[in-house]
Amino acid sequence: MSRSTLFFAVGLLLLTSASLNVFSTIRLRHASSAYASLNKQPLVSELPLSVRDANLEFIFGKHYDIANDAEWATLIPSNHGRVKLGEAQQEFDVGMYTDLECLDTIRAAYVDMRDGARMRSEAAEACLGQIRQVILCTADITLEPTHIICKDRVCPLSGTVATGEFVDHKCRDWAQVRHFVEGNQATWNS
């Protein structure tokens, strides 16, 4: 095979690859933001809600004691935060509540192990993977000082370099999501 033929073949492969990439990108941009259900009907992928931005100052230790099951239970509305959407009233779990239930599963496993339980919690291990992916998904870019921040003579955990406590984070208004979910559940026919 001559050099020119080799260059032509490589060039043709590169051109074909680039063309396929362009077509794939265009197709993805025009793809619906819905998932396909088992019966081939499109499913929505998010709540039909434009969630406002909100600031949240991270403060630790005031609520949600690690052993307070009742207080942790208040984070999740009835029916696990499930909603029904569309004409068929198809049921969906809202990611925020799935994530909070996972965090609660990890918390409960930690408390059990702290109190002497020696059983492995496969649910907690699966949830740890979910929480890791949620943190990566949200990609919080808030800058946290590398020194301890004190507020009103209160300092966070001693012995740490930085905790993120008393730092404002740009968030989405979780109370708005909760209001939507509870409103949606109120429309359900028993």
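Me: In which sense do strand 4 and strand 5 pair, and over how many bridges?
Reply: In this predicted model, strand 4 covers residues 82–85 and strand 5 covers residues 90–93. The two strands pair over 4 bridges, and the sense is antiparallel.

Me: Which residue takes a positive phi near 80° in the hairpin of strand 4 and strand 5?
Reply: The hairpin has 4 residues between the strands. The residue there with a positive phi near 80° is Gly86.

Me: What phi does Gln89 have, and is Gln89 buried, partly exposed or exposed?
Reply: Gln89 lies in the loop between strand 4 and strand 5. Most residues other than glycine have a negative phi. Gln89 is not a glycine, yet its phi is positive, at about 50°. Its relative accessibility is 38%, which lies between the cut-offs of 20% and 50%, so Gln89 counts as partly exposed.

Me: Where is Tyr64, and what is its phi?
Reply: Tyr64 sits in the loop between strand 3 (53–57) and helix 2. With 33% relative accessibility, Tyr64 counts as partly exposed. Tyr64 is a residue other than glycine with a positive phi, near 60°.

Me: What length does helix 3 reach from its first C-alpha to its last?
Reply: Helix 3 runs over residues 95–114, which makes 20 residues. At 1.5 Å a residue the expected span is 28 Å, and the helix comes close to that value. From first C-alpha to last, helix 3 reaches 28 Å.

Me: Which helices do the buried residues of helix 3 pack against?
Reply: The buried residues of helix 3 are Tyr97, Asp99, Cys102, Arg107, Ala109 and Val111. They pack against helix 2 (69–73), helix 4 (122–138) and helix 5 (174–186).

Me: Which residue just after helix 3 takes a positive phi?
Reply: Helix 3 covers residues 95–114. Just after helix 3, a positive phi of about 110° is found at Gly116.

Me: Are helix 3 and helix 4 parallel, perpendicular, antiparallel or oblique to each other?
Reply: Their axes come within 9 Å and cross at roughly 135°. The crossing is left-handed. An angle over 145 degrees would count as roughly antiparallel, and one of 65 to 115 as roughly perpendicular. Helix 3 and helix 4 are therefore oblique.

Me: Which residues of helix 4 meet helix 3?
Reply: On the side of helix 3, the contacts involve Thr98, Asp99, Cys102, Leu103, Thr105, Ile106 and Ala109. Among these, Asp99, Cys102 and Ala109 also belong to the buried residues of helix 3. Their partners in helix 4 are Ala123, Ala124, Cys127, Leu128, Gln130, Ile131 and Val134.

Me: Why does Ile141 count as exposed?
Reply: Ile141 lies in the loop between helix 4 and strand 6 (168–172). Its C-alpha is separated by 8.7 Å from that of Lys170, 29 residues apart along the chain. Exposed means over 50% relative accessible area. Ile141 counts as exposed because its relative accessibility is 76%.

Me: What share of the contacts with a separation of 6 or more joins residues 24 or more positions apart?
Reply: The chain has 5 helices and 6 strands, in the order α-β-β-β-α-β-β-α-α-β-α from the N terminus. Of its 190 residues, 19% count as buried. Among contacts with a separation of 6 or more, the share from residues 24 or more positions apart is 62%.

Definitions and conventions:
Residues are numbered from 1 along each chain as its sequence is written. This is a predicted model: local features need pLDDT of at least 70, side-chain atom pairs count only at pLDDT 80 or more; totals for chains, interfaces and linings use all residues. Side-chain values use heavy atoms; hydrogens and water are left out. Two strands pair if DSSP finds at least two bridges between them. The expected span of a helix is 1.5 Å times one less than its number of residues. Buried means under 20% relative accessible area, exposed over 50%, partly exposed in between (1.4 Å probe, protein chains only). Contact means heavy atoms within 4.5 Å. Axes are lines fitted to C-alpha atoms, for helices over the stretch in contact, and angles run from 0 to 180 degrees between N-to-C directions. Angles under 35 degrees count as roughly parallel, over 145 as roughly antiparallel, 65 to 115 as roughly perpendicular and the rest as oblique. A crossing is left-handed if the near helix is turned anticlockwise from the far one by less than a right angle, and right-handed if clockwise.
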